Amino acid sequence: MAKVILNPTETERCIESLIAVFQRYAGQEGNNCTLSKTEFLKFMNTELAAFSKNQKDPLAVDKIMKDLDQCRDGRVGFQSFFSLIAGLIIACNDYFVVHMKQKGKK
């Protein structure tokens, strides 16, 4: 029997949240294990709105979708979704490190 965690850590809550966000968008058009192009665009425009709106290339989100679509079936699975999230986290951390160095705090 799986052990129930009564007080999940902040990291565990973040993981649960990412899974819940993926599941909220996946399956709106049938397959609840992947994001269709429409579902992916809804996710990007809602959950990553600032990122989507600040793109200079109007096709940036389409290009991201194409890069993440490993099977070339017009869908993004959870592993690819998480790769996107991981890449964004790394980019944000890198930006933060550079910004802190410029301010002389590191």
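Predicted model: local features only at pLDDT ≥ 70, side-chain atom pairs only at ≥ 80, totals over all residues.
# Aromatic rings, salt bridges and a nonpolar patch

Residues are numbered from 1 along each chain as its sequence is written, and side-chain values use heavy atoms, leaving out hydrogens and water.

**Aromatic rings**

- A pair of aromatic rings is described by the distance of the centres and the angle of the planes. Planes under 30 degrees apart count as stacked, over 60 as edge-to-face and the rest as tilted.
- Phe22 and Phe81 form a tilted pair, 5.1 Å centre to centre with 55° between the planes. The pair links distant parts of the chain: Phe22 sits in helix α1 and Phe81 in helix α5, 59 residues apart. Helices (H or I, at least four residues) and strands (E, at least two) are DSSP runs, numbered from the N terminus.
- Both Phe22 and Phe81 are buried. Buried means under 20% relative accessible area, exposed means over 50%, and partly exposed is in between (1.4 Å probe, protein chains only).
- Phe78 and Phe82 have ring centres 6.3 Å apart and planes at 25°, so this pair is stacked. They are 4 residues apart in helix α5, which means about one helical turn separates them.
- One aromatic cluster is formed by Phe22, Tyr25, Phe40, Phe43, Phe78, Phe81 and Phe82.

**Nonpolar patch**

- Ile15, Ile19, Phe78 and Phe82 make a nonpolar surface patch of about 340 Å². Helices α1 (10-25) and α5 (78-102) each give two or more residues to the patch.
- Patch residues have over 30% relative accessible area and no salt bridge; like charges are joined within 9 Å, and nonpolar side chains (Val, Leu, Ile, Met, Phe, Trp, Tyr) within 5 Å. Accessible areas come from the Shrake-Rupley method with a 1.4 Å probe; for residues, only the protein chains shown count as cover.
- Ile15 is partly exposed at 48% relative accessible area. Phe78 is partly exposed at 32%, and Phe82 is partly exposed at 40%.

**Salt bridges**

- A salt bridge puts a side-chain nitrogen of Lys or Arg within 4 Å of a carboxyl oxygen of Asp or Glu.
- Arg24 and Glu47 meet in a salt bridge at 3.2 Å, N to O. Arg24 lies in helix α1 and Glu47 in helix α2 (residues 37-47), so the pair ties together parts 23 residues apart in sequence.
- Glu39 bridges to Arg75, with the closest N and O atoms 3.8 Å apart. Glu39 lies in helix α2 and Arg75 in strand β2 (residues 75-77), so parts 36 residues apart in sequence are tied together. Glu39 is buried, with a relative accessible area of 1%.
- Lys63 forms a salt bridge with Asp57, the closest N and O atoms being 2.6 Å apart. Lys63 is partly exposed at 45% relative accessibility, and Asp57 is partly exposed at 29%.

**Helix α4**

- In helix α4 (residues 60-68), the buried residues are Ala60, Val61, Ile64, Met65 and Leu68. Seen down the axis, they fall within an arc of 140° (taken from the directions from the helix axis to the C-beta atoms), so they line one face of the helix.
- Lys66 and Asp67 are exposed on the other side of α4.

Key:
Phe/Tyr/Trp six-rings, centres within 6.5 Å; stacked < 30°, edge-to-face > 60°.
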